[in-house]
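Biologist: Can you take me through this model? I'd like to start with the domains and then go over the charged pairs.

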Amino acid sequence: MKKGILLSLLALSLLAGCSGETKNANSNSGGQGDGSVVELTFWRPQASEVEDNVYVKRIEEFNQANKGKIHVKMEVITRGNSFAYEDKINAAVASHTLPDVLAMDGPNIANYAASEIIIPLDEYFSKEDLDDFVPSILQQGSYQGKFYAPGLNESSVVLFYNKKIMAEHGITPPDKIENAWTWDEWYDVMKKTSKDGVFGTNMINDKGEWMTYAFEQLWISGGTDIVNKEGTTAEGFVNSPQGVEAAEFLQKLANEKLFNIDPKPTEFEEGKAATKLGGPWNIPGFKNYPDLEWGITYFPKKAGGTQTAPSGSWAVGVSVDTKHPKEAAEVIKWITNKDSSTQLAQAISMPASRKSAFESLTEYNELPLRIIKEQVTGVSHARPVTPAYPVLTQKFAEALTDIMVGADVKKSLDNVASTYDEEYKRNFAE
C-alpha cells in the first residue's frame with residue numbers, strides 16, 4: 001500500500017468520526033541485549049482525567065515490576081485539535097520514528113496492519129490468554145488471520161427506556177435476551193409512546209461514526225453485513241435485499257417522526273423520548289436528572305434474525321519500528337491484562353475487554369448492567385475489518401443520513417457499494 005494513501009485515509013477516518021512500509025528502528029528505543037535496560041515509548045491520545053490516571057498508574061506498576069529490565073515512557077498527546085494525535089502518527093510513519101507501542105481506534109486496526117504500521121502479536125499471546133478476551137475484541141483486533149491489537153476496554157449499545165412512560169402504557173421491556181424486542185415490537189412501542197411532545201426513541205448520537213457503529217447491526221441481524229467477511233466488497237451486502245429492508249425500517253421511523261433526526265443531547269434525560277439507543281457512557285450523566293427513572297433492555301433484532309449489538313474500543317499494538325518487539329508485547333499484555341481491564345472498566349464505567357475481569361465487576365451480575373454484560377460477552381459484533389474502513393464508514397453514514405430525510409434507499413446503498421468497491425480495488429486489491 002502506498003504511504004500517501006495511508007495518510008489520506010487516516011485523515012479521512014478523523015472526518016468520519018473515528019478515531020507505508022516502515023522498517024527502520026525507532027531511535028527512542030534503547031537497550032541492545034548487553035544487560036542494559038530496554039527503554040520503550042508508548043503513545044496514546046489524551047482522554048479524561050480518570051482514564052489517564054489509570055494508564056499512569058499501570059505503567060508505573062509495570063516499570064516497577066520490570067525494574068532493571070524494561071522501562072516504558074508514556075507520552076500522552078494532548079488533543080488541542082481533533083487531528084493532533086493522528087498528525088503525530090502520520091509524521092512518524094513518514095520519518096520511520098513510530099513509538100514502540102501505540103494506541104489506535106479499533107476500526108483502524110486493519111488499516112494499520114495492511115499498511116505495515118503494526119506487527120502481528122500471535123506469538124506473544126497464549127491461546128488461553130487470547131480466549132479470555134471477549135469475542136468482539138478478537139474480531140476487531142485481527143486482520144487476515146493474524147492478531148494485531150487487543151482492546152483496552154469494550155463498549156456496547158443498549159436500549160434505555162423511561163420506566164414512567166413504559167408504566168403509563170402498560171409496557172414491560174424484556175430482561176431476558178431470548179425475549180429481546182424485534183424491530184416490529186420496538187416500532188409498536190415507539191408508536192404507543194410517541195405523543196404529547198415525546199418521541200418514541202432517541203437514536204442519533206451524531207451523523208458520523210455513530211451511524212456505522214450503531215446501525216450496521218441491523219444488517220447483521222438481518223443475515224448480512226455492509227461488506228463481505230473478507231472486507232473486499234460491499235456490492236451485494238450493504239445493498240442486498242436484507243440491507244434494503246434494514247434501511248427502509250430506519251426510513252419508516254423517520255417518515256413517521258418517531259425520532260428526532262437532530263435531537264437535543266439530553267432529550268431522553270429530560271423525558272422527551274421514551275427510549276434511547278445509547279451506551280454505558282450515558283449512565284454517569286443520568287444522575288444529574290433526579291426525575292429520570294431509567295432501565296435497560298437489549299439492542300432490538302430482526303424477527304427471526306440474529307441477536308447482535310454494537311461494540312468497539314481503542315486498542316494497542318506494537319509498531320514495526322520497534323527494536324524490541326518481545327518487550328513491547330509485554331507492555332501490551334500488561335495494560336490489557338485482567339487487572340488493567342478491571343481497573344479501567346471501573347474508572348470509566350465501560351465494560352471490560354476480558355471475560356475474567358467481570359469476576360470482579362459484580363455490578364454486571366444484576367440488572368440493569370447485566371444486559372450490557374450479556375451483549376458484550378455473547379452477541380456483540382465489531383465493525384467491518386477492512387483497511388478501507390474510513391471510506392466505508394463515511395459513505396455509509398452519509399447514505400443513512402440521506403435515507404432518513406427521504407432519499408431513495410436502493411440508490412443510496414448502491415452508491416455506498418460502488419464507491420467502496422472502487423476504493424478497495426484501487427488501493428488494496430492484490
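This is a predicted model: local features need pLDDT of at least 70, side-chain atom pairs count only at pLDDT 80 or more; totals for chains, interfaces and linings use all residues.

Biologist: How is the chain split into domains?

Modeller: The assignment gives domain 1 as 38-155 + 312-382, and domain 2 as 158-311 + 385-428. Their centres, taken over C-alpha atoms, are 27 Å apart.

Biologist: How much area is buried between domain 1 and domain 2?

Modeller: About 2200 Å², with carbon and sulfur atoms giving 64% of that. On the domain 1 side, Ile-371, Gln-375 and His-381 lose the most area, together 25% of what that side buries.

Biologist: And how many residues are in contact?

Modeller: 27 residues of domain 1 touch 28 residues of domain 2.

Biologist: What about polar contacts and salt bridges across that interface?

Modeller: Ten residue pairs are in polar contact there, while the salt bridge count between the two domains is zero.

Biologist: Which elements of domain 1 give two or more residues to that side?

Modeller: Helices H4 (109-114), H6 (135-141) and H14 (369-378), plus strands S4 (142-143) and S11 (380-381). H14 gives the most, with six residues.

Biologist: What classes of residue are on the domain 1 side?

Modeller: By class there are 13 nonpolar, eleven polar and three charged residues.

Biologist: Changing topic: how many salt bridges does the whole structure have?

Modeller: The search finds 18.

Biologist: Which residue does Lys-57 pair with?

Modeller: Lys-57 forms a salt bridge with Glu-61, with the closest N and O atoms 2.8 Å apart. Both lie in helix H2 (residues 49-65), four residues apart, or about one turn of the helix.

Biologist: What about Lys-410?

Modeller: Lys-410 meets Asp-414 in a salt bridge, 2.8 Å from N to O. The two are four residues apart in helix H16 (residues 409-427), so about one helical turn separates them. Lys-410 is partly exposed at 37%, and Asp-414 is partly exposed at 27%.

Biologist: Which residues are joined into a network by shared partners?

Modeller: Lys-57, Arg-58 and Glu-61 are joined into one network.

Biologist: And where does Lys-333 sit relative to Glu-330?

Modeller: Both are in helix H12 (residues 325-335), three residues apart, about one turn of the helix. Lys-333 is partly exposed at 23% relative accessibility, as is Glu-330 at 32%.

Methods
Residues are numbered from 1 along each chain as its sequence is written. Side-chain values use heavy atoms; hydrogens and water are left out. Domain bounds come from an automatic or database domain assignment. Contact means heavy atoms within 4.5 Å. Buried area is the accessible area (1.4 Å probe) that two parts lose on being put together, summed over both. A salt bridge is a side-chain nitrogen of Lys or Arg within 4 Å of a carboxyl oxygen of Asp or Glu. A polar contact is a pair of N or O atoms within 3.5 Å; within protein, one must be able to donate a hydrogen and the other to accept it, and residues adjacent in sequence count only if both atoms are side-chain atoms. Ala, Val, Leu, Ile, Met, Phe, Trp, Tyr, Cys and Pro count as nonpolar, Asp, Glu, Lys and Arg as charged, and the others, Gly among them, as polar. Buried means under 20% relative accessible area, exposed over 50%, partly exposed in between (1.4 Å probe, protein chains only).
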